[in-house]
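Please work through each task before turning to its solution.

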Amino acid sequence: MPKIYIIDVTNRDGVQTAKLGLSKLEKTMINLYLSEMGVFQSEFGFPTTRHETNYLRANLRLAELGVISPLRLEGWLRAISSDVELGFKMVPGLKHVNLSISTSRQMIDGKFKGKKSRRDIINEMTAAVDTAYRLGAETVGVNAEDASRTDIDYLIEYGQAAKAHGAVRLRYCDTLGYDDPFSIYEAGQVLAKGVALPIELHCHGDLGMAVANSVAGARGVIDGGQDAYINTTLNGIGERAGNADLVATVLALTKSKSFAGKYELGQPIDLTKSWKIAKFASYAFGVPIPINQPGVGANAFAHESGIHADGVLKDPHNYELYGFEELGRGDPEMVETGREICAGEYSGISGFSHIMGERMSWHFKDKEEAQEILELVRYANVLSHKPLVEDELLFIARYPHTAKRLLTMTPLGSAEPDPILGTDSRL
């Protein structure tokens with residue numbers, strides 16, 4: 001039976017959320033956490049955006065050296081040959097890309113104002129796919145923006161053209177959250193049969209159904225005989241009403257009545273990393289986790305009703321579909337109530353060495369090394385405007401040259417030498 005894979009788009013769609021954003025170090029930490037969790041692929045950014053250049057190159061280098069593994073890193077590009085050429089020029093190490101163009105009559109008429117026909121859309125997309133492979137791409141996925149408002153026969157034609165030029169997946173984008181579980185199941189099944197390619201489901205929550213639509217669409221794709229790829233974001237962060245939440249989606253795929261034991265993930269997801277990654281995303285974005293968020297919300301395992309409390313104490317399965325331990329919860333939340341030493345943009349060497357040594361058992365070989373790492377930590381705090389978490393501090397200490405690249409906002413030209421990474425064994 002075909003399988004279901006997770007492609008997380010927090011570092012592309014999530015960071016497009018109005019009024020929110022992430023530093024390049026925070027985006028890198030998310031890629032590391034996604035890799036630890038077992039997610040198949042991260043849509044890690046925009047290769048044609050200049051302020052992303054150093055971050056994208058640094059993360060690809062981390063992947064080459066096995067620091068980010070087995071997670072695949074994939075860039076998002078418009079399905080325009082000139083954009084593809086620019087993306088590969090700015091980020092030469094790209095191996096996986098998704099190319100996007102609008103396909104609905106509404107967007108062809110409303111965005112392109114009659115300057116493009118349906119045939120033009122297909123021609124531009126296929127030319128962009130050819131360009132990506134010519135420049136060294138290993139896999140190319142093709143996105144149909146606003147697919148849920150696109151005529152299904154045209155989507156099949158579009159997908160078949162993409163397949164003929166070597167595309168490995170067709171992304172069905174419910175860009176406005178217009179679908180419902182019944183309509184997207186049918187669309188997924190029809191496309192899987194008609195295009196004979198794996199189908200990605202990219203769902204938004206404008207009607208509150210992003211997770212439901214994602215799993216229903218995946219079921220339709222599998223029932224149509226193809227692998228399904230679901231797009232998620234951490235804590236459901238995304239444009240307007242957000243995207244399908246990673247943890248909630250995996251729980252639905254592994255715990256729900258129609259999926260558990262019947263539909264299989266392509267690679268295992270370690271749910272015990274859920275609490276850690278959700279907390280980090282909340283801290284990095286500055287957005288609290290909703291109290292009733294599945295699995296990771298403050299009330300996800302809280303019981304006040306007398307009947308419920310009595311029942312869960314007798315047997316947790318009476319009122320819980322899954323245990324809090326499965327989500328990596330249960331450790332006490334430590335809150336400093338006395339003296340607290342923080343590492344910030346104005347920290348000194350004494351306090352910083354105390355934090356790294358006493359709290360994280362990280363010891364520097366000499367004062368010069370400690371001073372070098374502290375300077376990077378100061379800059380990271382300036383960029384994020386908040387104290388770093390322990391994993392970020394340890395990342396900077398382990399990979400100072402990569403950290404320096406992530407903190408550098410002057411992009412390198414593709415033909416220029418790389419003075420930051422060089423061949424330093426510390427990355």
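**Exercise 1: a loop residue**

Asp-146 is found in the loop between β5 and α6, where helices (H or I, at least four residues) and strands (E, at least two) are DSSP runs numbered from the N terminus. The model is a predicted one, in which local features need pLDDT of at least 70 and side-chain atom pairs count only at pLDDT 80 or more, whereas totals for chains, interfaces and linings use all residues. Residues are numbered from 1 along each chain as its sequence is written, and side-chain values use heavy atoms, with hydrogens and water left out.

Task: Is Asp-146 buried or exposed, and with which residues is Asp-146 in contact, leaving aside its neighbours within four places in sequence?

Solution. Begin with the classes: buried means under 20% relative accessible area, exposed over 50%, and partly exposed in between, with a 1.4 Å probe and protein chains only. Asp-146 has a relative accessibility of 0% and therefore counts as buried. Next, taking contact as heavy atoms within 4.5 Å, and leaving aside neighbours within four places in sequence, Asp-146 touches Thr-103, Ser-104, Gln-106, Met-107, Cys-173, Thr-175 and Leu-176.

**Exercise 2: helix α6**

Task: Determine what span helix α6 should have, and state which of its residues are buried.

Solution. The expected span of a helix is 1.5 Å times one less than its number of residues. Helix α6 covers residues 152–164, and because it has 13 residues it should span 18 Å, which agrees with end C-alpha atoms that are 18 Å apart. The buried residues in α6 are Tyr-154, Leu-155, Ile-156, Tyr-158, Gly-159, Ala-161 and Ala-162. The buried residues of α6 pack against several elements, including β4 (96–102), α5 (118–134) and β5 (139–145). After α6 comes Gly-166, with a positive phi near 100°.

**Exercise 3: aromatic pairs**

Task: How many aromatic pairs does a search of the whole structure find, and how is the pair of Phe-44 and Tyr-55 classified?

Solution. Rings of Phe, Tyr and Trp (its six-membered ring) pair if their centres lie within 6.5 Å, and planes under 30 degrees apart count as stacked, over 60 as edge-to-face and the rest as tilted. The search of the whole structure finds twelve aromatic pairs. For Phe-44 and Tyr-55, the ring centres are 6.0 Å apart and the planes stand at 50°, so this pair is tilted. The pair links distant parts of the chain, with Phe-44 in strand β2 (residues 41–45) and Tyr-55 in helix α2 (residues 53–64), eleven residues apart. Phe-44 is buried at a relative accessible area of 0%, and Tyr-55 is buried at 1%.

**Exercise 4: the sheet**

Task: In which order do the eight strands close into a barrel, and how does α2 pack on the sheet?

Solution. Two strands pair if DSSP finds at least two bridges between them. The eight strands close into a barrel in the order β1-β2-β3-β4-β5-β6-β7-β8, with parallel pairing. Axes are lines fitted to C-alpha atoms, for helices over the stretch in contact, and angles run from 0 to 180 degrees between N-to-C directions. Direction ignored, neighbouring strands of this sheet are turned by 30° against each other on average. Within the sheet, β2 and strand β3 (residues 72–78) pair in the parallel sense over four bridges, and Glu-43 stands opposite Glu-74 in β3. Finally, α2 packs on the sheet, where it touches β2 and β3, and its direction makes about 150° with that of β2.
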